[in-house]
Amino acid sequence: MSDACESCVVSGKADFQRFGVDVSDADAVVALAGNPNTGKTTLFNALTGLRMHVGNWPGKTVAQAIGGFRIRGRKYRLVDLPGTYSLLSNSPDEEVARDFLLFGEPDTTVVVCDATALERNLALVLQVLEITPRVVVAINLMDEARKRGIEIDHRELARDLGVPVVPISARIGLGIPSLLDSIEAVSMGKQGRTTPREMDYGPEIEAAIKPIMEQLRREHPSLKNARWVALRLLEGDPSVLNELRAGTLGLTTHAVGPEV
Amino acid sequence: MSDLLTLAEQQRAGLQRPLRDQVAEAIFGEATTISDRALRNRGRTLALTQRLDDIFTSRIWGFPAMALLFALVFWITIVGSNVPSAMLGELLVGKGHPWLRDLATSAGFPWWLSGLLIDGMYLATAWVISVMLPPMAIFFPLFTLLEDFGYLPRVAFNLDRAFKWSGGHGKQALTMMMGFGCNAAGVTSTRIIDSPRERLIAIITNNFAICNGRWPTLILVSSLFVATMAPTGTQSIVAALTVGGVAVLGIITTILVSKLLSGTLLKGEASNFTLELPPYRPPRIMQTIATSMIDRTLKVLWRAIVMAAPAGLVIWTISNASVGGQTLAAWMVNGLDPIGLFVGLNGVILVAYIVAIPANEIVIPSILMLTLNLAKSGLAQQGVMLELDDQQVRDALVTHGGWTMLTAVNLLLFSLLHNPCSTTIMTIYKETRSVKWTAVATFLPLLLAFTVCTVVAVIWRSFG
């Protein structure tokens with residue numbers, strides 16, 4: 001198929017329909033995460049047909065925007081999260097993003113990356129993959145990257161991360177059908193990881209979190225992501241401590257990912 | 001439960017190196033490894049972005065380029081909106097108003113009903129549309145084009161050192177830029193600042209970024225008064241420079257008030273952050289114009305109309321309801337005149353600012369209506385003043401409102417510094433959840449506005 005055909009969302013390839021803000025009775029929830037200014041909102045608009053204002057600067061979206069679309073009869077609710085460089089600090093916008101990944105139970109999280117700054121963007125992908133395995137990585141701004149002579153082997157990337165990686169250009173609508181296919185496959189559990197990706201933090205930290213993890217599993221047998229919680233506890237993350245103290249840790253009742 | 005926390009604390013205490021450093025190192029190390037494997041070609045920085053940044057973020061040329069760019073935007077706005085504003089005024093006020101009056105008379109409306117509906121609601125709305133629509137329809141698309149182009153982070157970059165000096169967060173420059181559209185949106189955008197102290201500073205000072213509702217006031221007053229001091233031919237340039245000057249004064253005020261706050265109520269050190277400068281992207285011009293017309297121009301205009309209609313109603317009522325041989329408006333204006341004149345404004349302006357608490361957009365129409373209503377007897381005979389011709393508005397304000405150049409200059413300052421609109425105040429409360437900080441954010445600017453106007457008035461008079 002030519003670029004022009006592929007860039008057309010009504011090419012029939014995905015039997016795709018935009019839904020604007022009508023997101024009642026969605027079959028699946030899809031979150032859009034990513035570094036600031038990587039084109040999340042542009043992609044959001046392309047998928048939902050909405051027209052949230054897009055600015056060329058980091059920090060434009062601070063609240064969540066919600067819209068919907070349909071692929072082959074299945075209805076998806078799409079949540080545009082604030083752009084963040086990491087999920088490690090406690091600024092309000094990072095908390096919104098992290099809490100949604102933890103408690104909003106997205107069926108698929110699309111991490112939008114800037115093809116022209118892959119390394120920095122991958123840092124966030126790795127952090128998201130520690131929380132949820134059901135991820136699609138969308139390498140956006142491919143047209144810009146091509147102009148600058150940047151070449152990315154997305155298959156190699158997919159092998160390293162264990163999740164689908166789709167090169168796209170949301171501005172001109174390139175790669176959207178493939179992205180939709182991947183979203184569908186991951187949200188139905190047909191593709192991608194089944195367990196969160198584990199980072200190796202080196203001997204010192206690994207030794208430190210091990211007893212915490214064991215204790216957590218004893219006290220909260222239903223906890224889905226003990227490793228991640230243990231790391232936050234070791235960090236002294238106030239929000240996780242509060243959740244634990246109040247006994248409202250959503251992780252115990254809602255599946256963040258399939259059991260390890 | 002507490003075992004777990006104690007255990008975590010013990011384990012943390014046993015760490016040799018700070019945990020965050022180790023975590024960040026591991027994550028970024030892994031990201032580098034993976035991206036090295038996946039990158040077949042690293043590419044190069046775009047030559048255009050590099051060349052533009054050599055100018056826009058240069059230590060020497062950064063600020064002059066910024067001033068020039070903004071002055072250009074204001075100049076295009078002022079020159080471009082002149083003719084359409086006059087045409088709209090002629091149509092809506094000059095033709096539409098008498099036509100509606102005749103219609104009401106022939107329909108047998110009682111005087112008070114046609115007064116309320118036509119002289120009150122309709123006239124206020126018609127003025128808002130003719131004063132605001134043309135400048136907004138030009139200014140917003142231009143500003144949005146600059147934003148889509150990628151210029152705003154460069155402004156933040158240039159201002160970073162100043163904000164560091166003031167003890168605020170570098171990202172405050174971005175939230176300030178957001179405030180140039182709407183302060184309520186600017187206040188919400190401070191969520192990108194993680195330190196609560198620096199976030200409060202950004203919230204309180206966002207008011208000094210001139211919002212949608214205030215641009216038309218500044219543009220009108222600058223064109224009608226300040227520019228008239230300049231020789232013909234250069235007037236529109238002087239008006240543009242005046243508006244730009246007030247905006248820059250707003251940025252300076254933001255920095256100075258931040259410095260004041262971080263030295264007194266909100267003590268602390270400025271935190272570090274990384275500011276990303278995205279590449280310049282050619283904006284899609286037609287789409288940007290369409291979106292900004294719908295999203296901003298029409299939205300803001302609608303808000304102004306919704307606010308103007310009831311305001312017109314209130315103004316007409318207080319201008320016609322008499323108590324003790326004087327209209328309510330006259331009571332209020334006369335009561336506030338001593339303070340108003342002392343600070344280099346007048347009673348009408350202060351009453352207009354009270355009426356305009358819900359929306360700054362209606363300040364100018366309110367001032368016009370109050371001024372004209374108070375001088376009604378004279379005007380009815382003259383039968384002028386109703387068309388929104390620049391010269392006529394100026395004459396009306398000078399002859400009937402007693403305006404001087406000091407009034408105009410102080411109105412510019414008051415518009416810049418005074419309290420935020422009620423929507424912004426509500427947003428501040430929602431974001432801070434604190435009555436105390438909401439009060440500070442409301443009354444500190446008001447106090448500043450009165451102080452600065454008084455100082456200017458005193459100095460002006462001692463020279464005049």
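Student: Which way do β2(A) and β4(A) pair, parallel or antiparallel?
Tutor: β2(A) (residues 28-34) and β4(A) (residues 74-80) pair in the parallel sense, over 5 bridges. Strands here are DSSP runs of E of at least two residues, helices are H or I runs of at least four, and both are numbered from the N terminus. Two strands pair if DSSP finds at least two bridges between them. By the way, this is a predicted model: local features need pLDDT of at least 70, side-chain atom pairs count only at pLDDT 80 or more, and totals for chains, interfaces and linings use all residues. Residues are numbered from 1 along each chain as its sequence is written, while chains are lettered from A and ligands numbered from 1 in the order in which they are written.

Student: Okay, and what stands opposite Val30(A) in β4(A)?
Tutor: That's Leu78(A). Val30(A) also has a bridge partner in β5(A), namely Thr108(A). β2(A) and β5(A) (residues 108-114) pair in the parallel sense too, over 5 bridges.

Student: Why is β2(A) largely enclosed?
Tutor: Because 5 of its 7 residues are buried, β2(A) is largely enclosed by the rest of the structure. Buried means 20 or more other C-beta atoms within 10 Å of the residue's own, exposed means 12 or fewer, and partly exposed is in between, with C-beta atoms placed from the backbone.

Student: Last one: at what angle do α9(B) and α20(B) cross?
Tutor: Roughly 40°, and the axes of α9(B) (residues 196-205) and α20(B) (residues 435-463) come within 9 Å. Axes are lines fitted to C-alpha atoms, for helices over the stretch in contact, with angles running from 0 to 180 degrees between N-to-C directions.

Student: Which residues make that contact?
Tutor: Leu200(B), Ile203(B) and Ile204(B) come from α9(B), and Trp437(B), Val440(B), Ala441(B) and Leu444(B) from α20(B).

Terms used:
Contact = placed C-beta atoms within 7 Å.
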